[in-house]
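Please walk me through the helix packing and the aromatic pairs in this model. Keep it brisk.

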Amino acid sequence: MTAGVRLLALHGFLGRSSDWDRLAASLPEATVTAIDLWATLDRPEVTDWPSMSTALDATLAGALGTDDRRPAFVVAYSFGARLALSSARLSSGGRVPRGV
């Protein structure tokens, strides 16, 4: 069921991208990309919540690349989930991953 599926994983406030290592190991047929939110948000232009959402959108776009043949889903918890809820990319209804 997960063959060829892409998962973009967002960690929580006290987490890090390695929080998703066990999930990736348990789904070897899926491509799991764990986003480092701290690297995403540690930029001079990120100063408030809207700019955090914009930074996440850019990171998601980069992680997705141009591969639109395989379904993509976002999995997140805690802070990562809250940030995902504010994402214009995830709420636009266009060519975007689905939230889980």
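What follows covers a pair of helices, then the aromatic rings. The model is predicted.

Start with helix H3, residues 49-64, and helix H4, residues 78-85. Their axes lie 9 Å apart and pack at an angle of about 90 degrees. Angles of 65 to 115 degrees count as roughly perpendicular, and H3 and H4 are therefore roughly perpendicular to each other. H3 contributes Trp 49, Met 52, Ser 53 and Leu 56 to the contact. H4 meets them with Phe 79, Arg 82, Leu 83 and Ala 84. By class, the contact has six nonpolar residues, one polar and one charged.

Now turn to the rings. The structure holds five aromatic pairs. One of them joins Phe 13 and Trp 38. Their ring centres are 5.9 Å apart and their planes stand at 85 degrees, so the pair is edge-to-face. Phe 13 sits in the loop between strand S1 (6-10) and helix H1 (21-26), while Trp 38 belongs to helix H2, residues 37-41. The two are 25 residues apart, and the pair links distant parts of the chain. Phe 13 is exposed, with a relative accessible area of 53%. Trp 38 is partly exposed, at 32%.

Trp 49 and Phe 79 make another pair. Here the centres are 6.0 Å apart and the planes are at 80 degrees, so this pair is edge-to-face. Trp 49 lies in H3 and Phe 79 in H4, so the pair ties together parts 30 residues apart in sequence. Trp 49 is partly exposed, with a relative accessible area of 29%. Phe 79 is buried, at 15%.

Finally, ring pairs link Phe 13, Trp 38, Trp 49 and Phe 79 into a cluster.

Key
Residues numbered from 1 in each chain as written. Predicted model: local features only at pLDDT ≥ 70, side-chain atom pairs only at ≥ 80, totals over all residues. Heavy atoms only, no water. Axes fitted to C-alpha atoms, helices over the stretch in contact; angles between N-to-C directions. Helix = DSSP H or I, 4+ residues; strand = E, 2+ residues; numbered from the N terminus. Parallel < 35°, antiparallel > 145°, perpendicular 65-115°, else oblique. Contact = heavy atoms within 4.5 Å. Nonpolar A, V, L, I, M, F, W, Y, C, P; charged D, E, K, R; others polar. Phe/Tyr/Trp six-rings, centres within 6.5 Å; stacked < 30°, edge-to-face > 60°. Buried < 20%, exposed > 50% of the residue type's maximum accessible area, 1.4 Å probe, protein only.
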